[in-house]
Amino acid sequence: MTSQSPDDPPLRQLVLKIHSRCDLLCDHCYVYQHADQSWRSRPTFIRPETVRAVAARLAEHVRARALESVSVILHGGEPLLVGPARLRDICAELTRVLSPLTSLDLRMHTNAVTLNRRHLDVCREFGVQVGVSLDGDRAANDRHRLDRGGRSSYDRVVRGIRLLQEPEYRHLFSGVLCTVDVANDPVAVHDALTDLAPPRIDYLLPHSTWDSPPPNPDRAATPYADWLLAVFDRWERQGRPMPVRTFDSVLSTLRGGPPLTEALGLAPSDLAVIETDGAFEQADWLKTAYPGAPETGYDVFRHGFTEFAAHSGVQARQGGVDGLSETCRGCPVVRSCGGGLYGHRYSSANGFDNPSVFCADLRSLVEGIADRVTDRSFSPAVLGSARLAWAQLELDRVLLRRAQEHLAAEPDWADAWRLLLALDADPAAAPRLDEVLAHPYVRTGLQRSLRGPADTARFMSLAAAAALRAGVDATLSWDQPGTRLHLPTWGTYRLDAPGRIEVTVAPDAFRVREGRGTGGSRIRLDEVPVSARWRPIDRLPVQDGPLVDDADPYRDCFPFPVAPPLECGEFAERMARAYELLAKDAPARHRDPDAFRPTVLTPLRAGSGLALGGHGFGALGVGVDVTPEEFARELPRIGRRARLTALRETADLHRPGSPAGALLDRADEGLGRAAHAEAARALTALTLLPESELTATGAVLVARLWSQWTNGCEAP
């Protein structure tokens, strides 16, 4: 046993076995049909005292690691066999102990054969999300999933799913899990599942090891990849009607995001299993490997989660790339496949020090998805700053159209959308609308609204700001949360209280009425002195100077904290001196039309330096203590990174997951630091990659980087 470090990832998911028997006799089940048969000695159902001990131990772990949320998945066997009364007692005890300490996410995985309203009423009371196993249409499902009398389970499972889809229970349905059988028609399976309109589908590879390989009736080289890619193609043609976790995980990791399933990716395991007798086990799919494979010797009556997490078997799944076999460590798709599911690596000869028994399939799947989602068309954005800015603006427009779909149901939004469409159709007003849409923190607001609840007030104020910039008369009303009304690119108006407001825009002025009041405050943009209610955004007093935006509510998108709104001009004065230095010390670069020119500077806390964040093209975070000399020295380097980031947002430069991504970073960074030897090594490696790794846009970028390298080497 090894000791657990406080820096080790906490355990956030608990699979709690509440019944150890099942009413189906699936011939691919890892609990009953594989090497480990420990279920025979387990209590049939979990005892109340065991549930109490589980809740107490998990509460200890929550307190020790200050966990904001934990998931408990009620599992089996078949968990519904405990009956509605016991199910309620289990949920009630877990909720009673854990809900005061953390956000408790209760889930259940079931075959749904006996699912009824009494079960679902308990689930509704405690918010239990329900996932259902179903392997496709009747023929596919009944190939393996028969009951103990050899009868079909299909109609009973579909009946349970239909019950879950009734209005009072629909919010509890989390999705369908399907075990892949390459003997089934992949499109027929997928169509049968999508016809049931589940909120999510998860395709699972059959549990197998090198000692017990997966079925391959046609002796194909990559049968499981071929099957899944056929499903992927169908899913794409359907317009991705629901998430498919396997595909979404690959798509996420190919773009540098996190894995979304323990079966793929390099995220450390955060899972514990507790059996009906209270025994701690590792992931129970390890039962496929050999008898006793998931056992730890621990139980909730004598041990806690910290001791379990320190077990050598658990620690073995925390090592990322270093914990994989030598074959996996050198594989180009390792970041996406992560060596596959830990149990699928087992052989009696080498233990778990092997690639997955599905190794060839996983590589083919990842590379197949990468090829399918790569846009190889040429993007003019690579040719210069003006075209890049245009591509970025088009991206903002696409995101706004997507946000419109979320906002359409909001009663006030229709007026704002009509106003935006009218501005866009007016040749004189459209460029002014573009100025507002191109504001970098508009992108931040769009992205966050697409990932969560749409910020209606933000986009109402965006429409008002665009009308104001275009000098167009308009009136909009909406419910404003908070007392700060921020008009992007303009400034912030202070309200007396949150609530209903009406904003009337006229050329060079706007008026705000609060509640049912009449009159309201009228703000003239050229008025001196400025109204006490109105704090405009200032622009640096240099030619084409950037805005100094220290008030936008979406500016908190940097890796460092933003500074509070400034009350003096010291920051702006320092930045103005920095621009004077740029013009004096690097006049050619200052005049270069392709040089990075921030459109917005946002003050960050002292010590932050210069930073980029999750915003649109043009924003730059600057520590309030950055000197003019430091700014002038670092701007070209960070500007290169801003341009490369912006280009990647609008065009594919290479196949996702390709080594070309890291090489482009190294080449660009080397050129920015005038490290010509380092840049040359990266560019040479890029040039030697197979032609298919780079898109047309990426190939042009590499050529331009070579040109910059040549010019840099020739410079005195």
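Reader: Which residue in β13 does S477 stand opposite?

Author: This is a predicted model, in which local features need pLDDT of at least 70, side-chain atom pairs count only at pLDDT 80 or more, and totals for chains, interfaces and linings use all residues. Residues are numbered from 1 along each chain as its sequence is written, and side-chain values use heavy atoms, leaving out hydrogens and water. Strands (E, at least two residues) and helices (H or I, at least four) are DSSP runs numbered from the N terminus, and two strands pair if DSSP finds at least two bridges between them. Here, S477 stands opposite E502 in β13. Strands β10 and β13 (residues 499-506) pair in the antiparallel sense over seven bridges.

Reader: In what order do the strands of the open sheet lie?

Author: The four strands follow the order β10-β13-β14-β15, with antiparallel pairing. Its edge strands, β10 (474-480) and β15 (521-524), each pair on one side only.

Reader: Why is strand β19 said to be largely enclosed by the rest of the structure?

Author: A residue is buried under 20% relative accessible area, exposed over 50%, and partly exposed in between (1.4 Å probe, protein chains only). In β19 (residues 600-604), five of the five residues are buried, so the strand is largely enclosed by the rest of the structure. Buried residues cover both faces: V600, T602 and L604 on one side, L601 and P603 on the other.

Reader: How many bridges join β19 and β21?

Author: β19 pairs with β21 (residues 619-623) in the parallel sense over five bridges. In β21, V622 is the bridge partner of P603.
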